[in-house]
Amino acid sequence: MAELASSFIETKAALTVTIEEVRRIADRFRRAMVLGLAGEQSSLKMLPSYLGKPAGSEQGLYLALDFGGTNVRVQLVELLGSGQWVIRQKKAVALKDPQGGYDFTAAQAKAEQLFDFLAAQIAAVADETRDYRLGHTFSFPCYQRGINHAVLIDWTKEIKTTGAKGREVGQLLTEALIRRGLRRVKATAIINDTVGTLLAAAFGDPCADIGAICGTGHNACYYEPARAMIINMESGNFDALPLSRYDEQLDAASEKYGTQRLEKMVSGRYLGELVRLIAVDHLAWHLGANILTAEDLAGIIGGAVPRLRELTQLTAQELSLLQEITQVVVTRSARLVTATFLGVLDYIDPELTDRHTIAVDGSLYEKMPGYANVIKLTLAEALGDKASLVNVKLAKDGSGVGAAIAAAVATGTG
Ligand code: BGC
């Protein structure tokens, strides 16, 4: 074990984000925001959403379609005004059949097939005898020209569906709804999932001004007072980061080399693979690429019974090193994400005098043991006493509810 552990010391140092590094990254992030907003060269796209903060008084029954890359969720959401809502109905289905029957995220799938699948899920929830307004959460970088106009810049999260890049997402959905005979469903708003998360949080909390997803993918948005609008930063593409050789290795084997550098270091889609690359290097262990999932990592940290046979074959010593590797990779993820939050806070409130709520949704934040706590501790370490002004909270189902709020805002029911 001593040998195993000592070989990991150097790697561990390379993967540890010190508080000085957190501050440096925060500063680079803030500068990248400024450049991106000015339309200058920046890894942050700073995409307008055409949505401000909701009034909280929005009302009505809306369909919410949430398409994020792993699952499709359709919800019937009733906004009650006064910052309250009720989810009346809910349906979730995987985009890739675990039994291998279908995969709408593969290169063989065409955009029309994917959107027909989305329309089929909507059909299962919508009552044919009434009209609906639908808000669509589409969790990929899009250029927007209005609340209901979004063009897909490119897929992220290793999605390969053909024929969608450069297309108008609302049109793809509307055509699929018509093919399905759902003429009474009107898609009225398209939002990013981070924007949905912030809208849902801001519906009842005026201090909410940052929204983030820490799940399969990673991204954050914030409310820009100068434009009275929420800006989707596409922060998963931020790249002024201390990369290790494992990050390089992972990037080289990914679908889109050189893009989404932060996302590849922090999000659930990639953390298992990072742990695998490090473990293979230090444990002379053979495990196929992309087999380890974020749920496996949660199990490794939490000491749960392993899902993979390969994990059950490790000796106690090897397992303990694997646990340490996992912990280091997960902690790095949470600290890097916090550094970007600090960058945004510094941009919107340089003296940090106001209260801020950072609303976060996503499986990693919700389920990875210790993840939310590392974010909290890192904020406290960086901000000292002022950390009490910053409240990071889980906004569960935020992206779906946010879609309903966006549909309501587009319809003008405030
Ligand atoms: C996408 C973002 C999205 C994030 C979280 C990223 O891969 O580019 O648009 O917000 O994943 O789902």
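## Terms and basis

A crossing of two helices is called left-handed if the near helix is turned anticlockwise from the far one by less than a right angle, and right-handed if clockwise. Helices (H or I, at least four residues) and strands (E, at least two) are DSSP runs, numbered from the N terminus.

This is a predicted model, in which local features need pLDDT of at least 70 and side-chain atom pairs count only at pLDDT 80 or more, while totals for chains, interfaces and linings use all residues. Residues are numbered from 1 along each chain as its sequence is written, and side-chain values use heavy atoms, with hydrogens and water left out.

## H11 and its two partners

Two packed helices are described by the angle between their axes and the distance between the axes. Here, axes are lines fitted to C-alpha atoms, for helices over the stretch in contact, and angles run from 0 to 180 degrees between N-to-C directions. Let's start with helix H2 (residues 19-37): its axis and that of H11 come within 7 Å and cross at roughly 50 degrees. H2 is therefore oblique to H11; angles under 35 degrees count as roughly parallel, over 145 as roughly antiparallel, 65 to 115 as roughly perpendicular and the rest as oblique. The crossing of H2 and H11 is right-handed. Contact means heavy atoms within 4.5 Å, and on the H2 side the residues include Ile19, Phe29, Arg30 and Leu37, while those of H11 include Arg335, Leu342, Asp346 and Tyr347. By class, this contact of H2 with H11 holds 13 nonpolar, 2 polar and 3 charged residues. Ala, Val, Leu, Ile, Met, Phe, Trp, Tyr, Cys and Pro count as nonpolar, Asp, Glu, Lys and Arg as charged, and the others, Gly among them, as polar.

Helix H11 (residues 316-348) also packs against helix H13 (residues 371-383), at an angle of about 50 degrees and with the axes 9 Å apart. That makes H11 oblique to H13, and their crossing is right-handed. Among the residues in this contact are Val330, Arg335, Phe341 and Leu345 of H11, together with Tyr371, Ile375, Glu381 and Leu383 of H13. The contact of H11 with H13 divides into 12 nonpolar, 4 polar and 2 charged residues.

Helix H8 (residues 268-283) has 16 residues and spans 22 Å from first C-alpha to last, close to the expected 22 Å, a figure given by 1.5 Å times one less than the number of residues. Of its 16 residues, 13 are buried, where buried means under 20% relative accessible area, exposed over 50% and partly exposed in between (1.4 Å probe, protein chains only). Ala284 follows H8 and has a positive phi near 45 degrees.

Most residues other than glycine have a negative phi. Asn290, in the loop between H8 and helix H9 (294-302), has a positive phi near 55 degrees. Glu234 also has a positive phi, about 50 degrees, and lies in the loop between strand E11 (229-232) and helix H6 (245-252). Glu234 is buried, because its relative accessibility is 3%.

Asn71 lies in strand E3 (residues 71-81) and is partly exposed, with a relative accessible area of 28%. Beyond its neighbours within four places in sequence, Asn71 is in contact with Asp66, Val93, Ala94 and Leu95.

Ala410 belongs to helix H14 (residues 398-411) and, at 36% relative accessibility, counts as partly exposed. Leaving aside neighbours within four places in sequence, Ala410 touches Ile147, Thr188 and Ala189. Ala410 and Thr312 are 98 residues apart in sequence, with 53 Å between their C-alpha atoms.
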